[in-house]
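Try each task before you read its solution.

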Amino acid sequence: MLFSIAINAAEPIRIAVAANFNGTLQKLTAKYEQEYGQAFVISAGSSGALYAQIQQAAPFDVFFSADAMRAERLVAENLAIDSSRFTYAVGVPVLWSGDAHLIDNKAEVLRGDAFRHLSIAEPRNAPYGMAAQQILEKLGLWQQLNTEKRLIRAQSIGQAYSQVASGAAPLGFVALAQVIDENGTVPGSYWLAPAEMYQPIVQQAVILHYAERDAATLAAARSFMTWLQSDAAIAIIRQAGYGVE
């Protein structure tokens, strides 16, 4: 996709981003700022929490949700611009541990007692948490792990990652983009669930009506969103471990 000359605003573009995409967005905005001079202010959290903040008039220009539902709802609630909504990435959940020997290629560890706690993002707030629940349900383990109180529900996928990375939980379901390195390898051990075990994590972004407070800010937000669909941006998103429609 061709990209025309960027339009910049004097003020930073204020972005709310789902925690799984925060690291990738930081790379994208750094590249965009270096090339075009536009500044950004980024706030990361669970899609559900950020959505609630936007409903309460939080001052964000753009929202990167980890699902399509919340972007669609914001349009329906007249809080976002429908023509700006697009799928920026398709997420990939992964069962991950810093222990190189804990997880095998069939995730048999989930059926044993080699771990005390499994971290997932809260399914009601985070699409990656919902995917984790769906995977565990397909494995017939959701009720068992709940009953045994072995599930740790993190506030966001970012917190779930931190719990596993710090060793507070020996393993957990996180986003592949959080653990894959620039060479395409994942440290520790991991398991990618077959895609048919969970609903696709279609991640959508949308420009919020708050951006319309200033014509230059709105134009700059549209310019950035167009650039995100360019070949240069898509290459960064793919390298980070996401699919792109």
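Buried means under 20% relative accessible area, exposed means over 50%, and partly exposed is what lies in between, with a 1.4 Å probe and protein chains only. This is a predicted model, in which local features need pLDDT of at least 70 and side-chain atom pairs count only at pLDDT 80 or more, while totals for chains, interfaces and linings use all residues. Residues are numbered from 1 along each chain as its sequence is written, and side-chain values use heavy atoms, with hydrogens and water left out.

**Exercise 1. Is L171 buried or exposed, and which residues is L171 in contact with?**

Step 1: find the residue. L171 sits in strand β8, residues 171-175. Helices (H or I, at least four residues) and strands (E, at least two) are DSSP runs, numbered from the N terminus.

Step 2: check the accessibility. L171 has 0% relative accessibility, so L171 counts as buried.

Step 3: list the partners, where contact means heavy atoms within 4.5 Å. Setting aside neighbours within four places in sequence, L171 is in contact with L95, W96, S97, L102, I103, V109, L110, F115, H117, L118, S119 and V164.

Step 4: take one partner and look along the chain. I103 and L171 are 68 residues apart in sequence, with their C-alpha atoms separated by 8.5 Å.

**Exercise 2. Work out how the axes of α2 and α3 are arranged, and what makes the contact.**

Step 1: Two packed helices are described by the angle between their axes and the distance between the axes. The axes here are lines fitted to C-alpha atoms, for helices over the stretch in contact, and angles run from 0 to 180 degrees between N-to-C directions.

Step 2: read off the values. Helix α2 (residues 47-55) and helix α3 (residues 69-76) have axes that come within 11 Å and cross at roughly 10°.

Step 3: classify. Angles under 35 degrees count as roughly parallel, over 145 as roughly antiparallel, 65 to 115 as roughly perpendicular and the rest as oblique. So α2 and α3 are roughly parallel to each other.

Step 4: name the residues. S47, G48, Y51 and I54 of α2 meet R70, R73 and L74 of α3. Sorted by class, that contact has three nonpolar, two polar and two charged residues. The classes are nonpolar (Ala, Val, Leu, Ile, Met, Phe, Trp, Tyr, Cys and Pro), charged (Asp, Glu, Lys and Arg) and polar (the others, Gly among them).

**Exercise 3. Which residues of α3 are buried, and which residues of α9?**

Step 1: start with α3. Its buried residues are R70, A71 and L74. Down the axis of α3 they fall within an arc of 105°, so they line one face of the helix. The arc is that of the directions from the helix axis to the C-beta atoms.

Step 2: find what they pack against. For the buried residues of α3, that is α2, β3 (62-64), α4 (127-138) and β10 (201-207).

Step 3: look at the other end of the scale. A76 is also in helix α3, but at 69% relative accessibility A76 counts as exposed.

Step 4: repeat for α9 (residues 231-239), where A233, I236 and I237 are buried. Seen down the axis of α9, they fall within an arc of 100°, so they line one face of the helix. Their cover includes α1 (22-36), β4 (86-91) and α8 (215-227).

**Exercise 4. Compare A107 and K149: where are they, and are they buried or exposed?**

Step 1: recall the background. Most residues other than glycine have a negative phi, and most peptide bonds are trans.

Step 2: take A107. Its phi is positive, about 55°, although A107 is not a glycine. A107 lies in the loop between β5 (93-97) and β6 (118-121), and at 4% relative accessibility A107 counts as buried.

Step 3: take K149. Phi of K149 is positive too, near 55°. K149 is in the loop between α5 (142-147) and β7 (151-154), and at 69% relative accessibility K149 counts as exposed.

**Exercise 5. What share of the 245 residues in the protein chain is buried?**

Step 1: count the elements. The protein chain has nine helices and ten strands.

Step 2: get the share. Buried residues make up 51% of the 245 residues.
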